[in-house]
Amino acid sequence: MKENKLLRAARLTSLVALAAASIGGAPLAHAAQSIPNKTLVYCSEGSPAGFDPAQYTTGVDFTANTFTVYNRLVEFERGGTKVEPGLAESWDVSADGKSYTFHLRHGVKFQTTSFFKPSREFNADDVVFTFDRMLDANNAFRKAYPVSFPYFTDMGLDKLIAKVEKVDPYTVKFTLNEPNAPFIQNMAMEFASILSAEYADQLMKAGKAADINQFPVGTGPFIFKSYTKDATIRFDGNPDYWKPGAVKLSKLIFSITPDASVRVQKIKRDECQVMSYPRPADIAPLKAEANIAMPSQPGFNLGYLSYNVTHKPLDNADVRHALDMAINKKAIIDSVYQGAGQLATNPMPPTQWSYVKNLPANAYDPAKAKALLAKAGLSNGFEITLWAMPVQRAYNPNARLMAEMIQADWAKVGVKAKIVTYEWGEYIKRAHAGEDDSMLIGWTGDNGDPDNWLGTLLGCEAVNGNNFGKWCYKPFDELVQKGRQTSDVAQRTKFYQQAQQIFAQQLPFSPIAHSTVYQPVSKKVIDMRIEPLGYARFDGVGMQ
């Protein structure tokens, strides 16, 4: 990442300092804006599971809904992890760090669509509805449309937030049960996208609450027009967007193209102007194209192999270590990442503050792996399923090839792996249900905070969410909880470094690699930025 870790650490030094800034937002544009008559086509890699941002955890979904249709109270700056005002112009934090008061922006309009005509502007009722739906199991809308909120619960926000109150039409107060250092960073994340309470009421009265997942309405830069599964998503620029000059495209079209080689051909032919996730083998040919730019930066990401510790014999740490040391990771990095990856040893990338250098890690050692399996009573090996992602990701550009290489490595120590895959949405759904024995997956950081790696991927609260291994280890979890409860960066660093040492001993997943992120883009596109947190954004993006 271009942004260094000291800058991120400085931002988290004090909860009070973060809020006391109370930065003023951009002036409001009350009149409809003129949007340039420009169309941008984005070749995306998969179909979103839906358009209700609180339900989902993947970049496919966030690019297709969160940063097009919606806003949050606070937002990440484009191309970085710094938090800036969003639908809240400013915020205050109490001296004990347990209450946050958000002062809302006036004059913000919800989008007018073919299926919803708002009768009022954004206010505190929308914020209260958005969070009450996630907090209260008896919320009427949640009962009408019962879904899970994996991010919200993975980070323990359902237990952290005691209540959300409307102080007046433009002031909302969040009361926490305890101080929480990453709270403001977390509030900029996708699940915290603000919904229209009026639209939700309309859907309830029509008996169509589930439509919120298919026909989204927000305050964001683009208005949803239509979605054809596995084909296209169409958006119009929002002329009433509250941030003047941020909408520079009249039409934004997602051309859903799962095959990376087809995406490459489309961008070469100018059938799309931005594409997602080029394969390593395509980097050099794309760089050679006169009309395509190829910006890149170190990825804030991790590709890894998760072990489902609820399935025997993977509940045994010795077995996990044996499987790990049987994998020739250097060969994987050479073949799968082709020069655009570096060996991973930790459950977070080296650019994340609190990262432990020289964390103990297994060397490739099939003989020692066999000895450990024998120690576990498995000298004859065992059978296991190995799930391979169906999509390319920066953190894993070719999961099928990686799975085949791991399968071959494990066969050498007597472990017979059956490779399994599903369509992406089904893959994640079944993994949440714990159907896999082992699975290839990965993570791109969401908010620049260590808790987003250690808590979200490995915490006890996340066992039904992004903790795919379902590993709940109290000594580790206690350190993560302590890290959340102090705003002192030095103390937090100490807790997180101790947690990484426990991770290395227990090895609930095998870190494989961190990768370089490339963003192929037509030279006609103006100001497209690589987002370190793993999605694509089109606010602020123009076309020549």
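Arg133 counts as buried, at 2% relative accessibility. In this predicted model, the side chain of Arg133 meets that of Asp52 in a salt bridge, with 2.8 Å from N to O. A search of the whole structure finds 26 salt bridges.

**Salt bridges**

- Asp52 is also buried, with a relative accessible area of 1%.
- The salt bridge between Asp52 and Arg133 ties together parts that are 81 residues apart in sequence, because Asp52 lies in the loop between strand S1 (39–44) and helix H3 (59–69), while Arg133 lies in helix H4 (residues 124–135).
- Asp125 and Lys166 form a salt bridge through their side chains, at 3.0 Å from N to O.
- This pair links distant parts of the chain, with Asp125 in helix H4 and Lys166 in strand S6, 41 residues apart.
- Asp125 counts as partly exposed at 31% relative accessibility, and Lys166 is partly exposed with a relative accessible area of 42%.
- Arg537 and Asp539 meet in a salt bridge between their side chains, at 2.8 Å from N to O.
- Both Arg537 and Asp539 are buried.
- A network of salt bridges links Arg78, Asp527 and Arg529.

**Nonpolar cores**

- The largest nonpolar core has 154 residues.
- Within this core, the residues that touch the most other members are Leu73, Phe102, Phe131, Phe174 and Trp410.
- Leaving aside neighbours within four places in sequence, the contacts of Phe102 include Leu73, Val74, Ala88, Trp91, Val172, Phe174, Phe183, Ile184 and Met187.
- Phe102 is also in contact with Ser90, Tyr170 and Thr171.
- Another core, of 13 residues, lies apart from the largest one, and among its members are Cys272, Leu286, Met294 and Ala340.

**Helix H17**

- Helix H17 spans residues 451–458 and is largely enclosed by the rest of the structure, because eight of its eight residues are buried.
- The buried residues of H17 are Asp451, Asn452, Trp453, Leu454, Gly455, Thr456, Leu457 and Leu458.
- These buried residues pack against three helices, namely H6 (150–154), H18 (474–484) and H19 (489–506).
- They also pack against strands S14 (301–307), S18 (438–444) and S19 (509–518).

**Glu190**

- Glu190 lies in the loop between helix H8 (183–187) and helix H9 (197–205).
- Glu190 is buried yet has no salt bridge.
- The nearest side chain of opposite charge to Glu190 is that of Arg72, 7.2 Å away.
- Leaving aside neighbours within four places in sequence, Glu190 is in contact with Pro53, Phe62, Thr66, Phe67, Arg72, Tyr151, Asp446 and Tyr535.

**Glu165**

- Glu165 lies in strand S6, which covers residues 161–168.
- At 31% relative accessibility, Glu165 counts as partly exposed.
- Leaving aside neighbours within four places in sequence, Glu165 is in contact with Val128, Thr171, Val172, Lys173 and Thr175.
- Glu165 and Asn358 are 193 residues apart along the chain, and their C-alpha atoms are separated by 46 Å.

Conventions:
Residues numbered from 1 in each chain as written. Predicted model: local features only at pLDDT ≥ 70, side-chain atom pairs only at ≥ 80, totals over all residues. Heavy atoms only, no water. Buried < 20%, exposed > 50% of the residue type's maximum accessible area, 1.4 Å probe, protein only. Helix = DSSP H or I, 4+ residues; strand = E, 2+ residues; numbered from the N terminus. Contact = heavy atoms within 4.5 Å. Lys, Arg positive; Asp, Glu negative; His and termini not counted. Salt bridge = Lys/Arg side-chain N within 4 Å of Asp/Glu carboxyl O. Core = buried A, V, L, I, M, F, W, Y, C linked by side-chain atoms within 4.5 Å.
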